[in-house]
Amino acid sequence: MAMLVCAGTAYAQTYTLDSCRNLAIHNNKTIRLAEEGIKGAGYERKAAKAAYLPGIDFAGTYMYNQKVISLLGEDAKLPTMSFDPSSQTFKYNILTDPNGTPIKDPSTGGYIPTEVAVIPKEAMSYDVHNVFAGAFTLTQPIYMGGTIRALNEITKYAEKAAVAARNSVVQDVIYGVDQAYWTVVSLKSKKKLAESFVTLVDTLRYNVNAMLEAGVATRSDLLTVDVKLNEARIMLTKVDNGLTLARMALAQVCGLPVQSEMHLADEDYKSNPATGASLNYNINDVFARRQDLEAIRQGISVLKNREKIALGTMLPKVALVGAYSFSNPNVVNGFSKSFAGGFSVGATVAIPIWHWGGKYNHYRATKSATNAQRLLLEDLEEKVELQVNQAKFSYQEAFKTYDMTVANMKSAEENLRSAQLGYKEGVLTTDDVIAAQTAWLQANSEKIDAEIGIHLCDVYLSKVLGNLNY
């Protein structure tokens, strides 16, 4: 949580490690991109659930036809029949000779009717210049070969994979923030150390200059100290510039303008390295906590259900279909230029029979993809196990290094005190004092690096163990 501190009329914001992490998580675009991925996966899951429910659709059509439709090419002449009381049947009215024998037409070979019914061509002509049609349809899946259920499972696992991927990105961002944060703290401590070193060398120069005036030191001694003082000031300038750039890098990671003045709560860093964390762990628990591995595991579940979808393409599919269709003109009750229609209900069954092995080979390809993902997971687990062991050894080594730097610093401080005392007593030279000061600077710098290294190893170990939850 960020705190505000007041110095006179100027306000400067102080950031803790926790507040920097919060800023980075809320402002990092990679995390926001992953969050959008989770939203999209959630919408896909809701869309997949809708496949269980009936779908209602409407389709409308308008068509202009150039010509009128005529079912007859000319007037139709149909023979008629009369009822014969003697035989109690209907008989055609045809022309007969005096003996009652039907007479045939020599040109057609057919009988010649004595009476005909005429259907005019115009009576069988219909105006279809403008045709309007529409239909409301309802489709309810009954059995789709298990593809709908598999699709719902895919979207569920895809959403979990998106969450795991987001969590993995968050852990990477947190680790990056911690690195940038402790880099600033380290450089601020080294700046103070460089300032102390400049003061130390400047004090030596003052003493050498006084001894030169007293005639107990040489001009060469003073020049040697001047060179070292210039080197110390150059080092201070480099550290100061590095600190400025490190603050900019931290601001960028936190999503702030790079020119933001970021004052950290741990800048006045005292010797307080992180305490040793427990290194007891179960590697299977580590695998379960690792979010990058979790994303792979959810991906395997997705591929398993893709196998089911591929298998479903080879199985029968059954659906219930209902529709209300209408048109203008309509022929519901004769030809009428008005809207009319009706309902219809039915069922559809689709049974794949033979596709030359295409669907089966696609199914085999999905199984192969699943096996490949399993092998990838096994390979990543082996690498994670190696990564954990490396992080554990680095963590242990960081504490050992810190203990050695503490001992070295004590020795360097005692060496510097002895060199200063020996120089005052005239038994040591200026070079001896400068060497002792340089050793003191190096010992303190190594101690700062060791302390910061412990913090970084601690957060890295938490990351590889899957414990870096935020």
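Biologist: Does W356 count as buried or exposed, and why?

Modeller: This is a predicted model, in which local features need pLDDT of at least 70 and side-chain atom pairs count only at pLDDT 80 or more, while totals for chains, interfaces and linings use all residues. Residues are numbered from 1 along each chain as its sequence is written, and side-chain values use heavy atoms, with hydrogens and water left out. Buried means under 20% relative accessible area, exposed over 50%, and partly exposed in between (1.4 Å probe, protein chains only). W356 has a relative accessibility of 73%, so W356 counts as exposed.

Biologist: In which loop does W356 lie?

Modeller: Helices (H or I, at least four residues) and strands (E, at least two) are DSSP runs numbered from the N terminus. W356 lies in the loop between β13 (340–350) and α7 (358–424).

Biologist: What is phi of W356?

Modeller: Most residues other than glycine have a negative phi. W356 is a residue other than glycine with a positive value, and its phi is near 55°.

Biologist: Which residues make the nonpolar surface patch of about 720 Å²?

Modeller: Patch residues have over 30% relative accessible area (Shrake-Rupley method, 1.4 Å probe) and no salt bridge, and nonpolar side chains are joined within 5 Å, like charges within 9 Å. A salt bridge is a Lys or Arg side-chain nitrogen within 4 Å of an Asp or Glu carboxyl oxygen. The patch is made by V349, I351, I353, W354 and W356.

Biologist: Which residues does the cis peptide bond join?

Modeller: Most peptide bonds are trans. P329 lies in the loop between β12 (317–328) and β13. With omega of about 5°, the cis bond joins N328 and P329.

Biologist: How many Å apart in space are N282 and N328?

Modeller: N282 is found in the loop between β11 (263–264) and α5 (283–289). N282 counts as partly exposed because its relative accessibility is 40%. N282 and N328 are 46 residues apart in sequence, and their C-alpha to C-alpha distance is 75 Å.

Biologist: Which element gives the largest share of the lining of the second largest pocket?

Modeller: A pocket is an open set of points on a 1 Å grid where a 1.4 Å probe fits, with protein on both sides within 12 Å along at least five of seven lines, and lining residues have an atom within 4 Å of a point. Lining residues of the second largest pocket include K188, R247 and H263. The elements that give two or more residues to this lining are α3 (147–214) and α4 (219–253). The largest share, 4 residues, comes from α4.
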